[in-house]
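The structure is shown first.

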Amino acid sequence: MSDPNPTPTPSSAPSPATNPDPTTGAPPAVTTPAASSEGGEPPTDPNAPPADGQPETPPEPTPEEAAAAARAAVPEAPDGYAINLSDDAREKLGLTDGDPLVAELSKFAHAQGKPQGWLDDVMEGAAALAEAGLFDGGFDPAAEAASLGENAEGRRREVELFAESLKSRGDIDDGMFGELMSLSPTANGVKLIEKMRSLMGQNGQIPTPSGAEPNSADALKAKAQEMAKDPKYGRDRQFTAEANAAWALAYPGAR
């Protein structure tokens, strides 16, 4: 027998009464809870990363910030300085790879703790003076190099090695070493020291380091040095070409 007063199930329970829109007769729109937390605080951004205590990755520096950081840096060694000049400015100053003047300037900057920006400013100022023609009639690095021939840089470096060898064996002091080094940028200075070395005979040779035996590299350098001092160098085209090839083989990093 069925129950005369059945208990309604949840699915058959009557819906709460709603008040239709008095104008259209439509039921009211379903509303959702306000998107705010208790107390009126604004809702959190669902796309925001979780606050897990991890530091945010710093943004990449802008080109301006990177350039400023490079200018403020002091290289770990003198050869860490860069020569930030255009090819045109380099040509006006007569600069070459391994230029002795730049090398000495870099050594000074490093000893004084000067940053890269200091050297940039010095080189840019020198280039501006050359552009203005203030070096005309005076020291012209390009003309000096041309006077020494294609192997100008190698001959200059040989003068520096000679001066360093004299200092290392105690033949000259620091003051005399500085004066001798000051001759290397000029063609006449290089030629004068080469002439002095030829008159000094064996004492004019760069000695092999103590305890070291001559090897094939020393032999190549000795041959290159001998050919560079030969009177035919710079006059006989074939001999000059052979001498330059010998020098390039003995000193791969020199020009």
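## Helix packing and a cavity

α6 passes α8 in a left-handed crossing. The model is a predicted one. The axes of α6 and α8 lie 10 Å apart, at an angle of about 55°, and the two helices are therefore oblique to each other. On the α6 side the contact is made by Arg155, Arg156, Glu158, Val159 and Phe162, and on the α8 side by Val190, Lys191, Ile193, Glu194, Arg197 and Met200. By class, this contact of α6 with α8 has five nonpolar, no polar and six charged residues.

Helix α6 (residues 152–168) also packs against helix α5 (residues 141–148), at an angle of about 90° and with the axes 8 Å apart. That angle makes α5 roughly perpendicular to α6. Pro141, Glu144, Ala145 and Leu148 of α5 meet Ala152, Arg155 and Arg156 of α6. Four residues of the contact of α5 with α6 are nonpolar, none is polar and three are charged.

The two pairs are set out below.

| Pair | Angle | Axes apart |
|---|---|---|
| α5 and α6 | about 90° | 8 Å |
| α6 and α8 | about 55° | 10 Å |

A search of the whole structure gives one cavity of 30 Å³ or more. The volume of the largest cavity is about 70 Å³. Its lining consists of Arg155, Glu158, Val159, Glu194, Arg197, Gln225, Ala228, Lys229 and Trp247. Two or more lining residues come from each of α6, α8 (187–200) and α9 (216–229). The lining of the largest cavity counts three nonpolar, one polar and five charged residues.

Conventions:
Residues numbered from 1 in each chain as written. Predicted model: local features only at pLDDT ≥ 70, side-chain atom pairs only at ≥ 80, totals over all residues. Heavy atoms only, no water. Axes fitted to C-alpha atoms, helices over the stretch in contact; angles between N-to-C directions. Helix = DSSP H or I, 4+ residues; strand = E, 2+ residues; numbered from the N terminus. Parallel < 35°, antiparallel > 145°, perpendicular 65-115°, else oblique. Contact = heavy atoms within 4.5 Å. Nonpolar A, V, L, I, M, F, W, Y, C, P; charged D, E, K, R; others polar. 1 Å grid on protein atoms, 1.4 Å probe; cavity = no way out; pocket = protein on both sides within 12 Å on 5 of 7 lines; lining within 4 Å. Points joined across faces, edges and corners; volume = space filled by probe spheres on them. Left-handed = near helix turned anticlockwise from the far one by under 90°.
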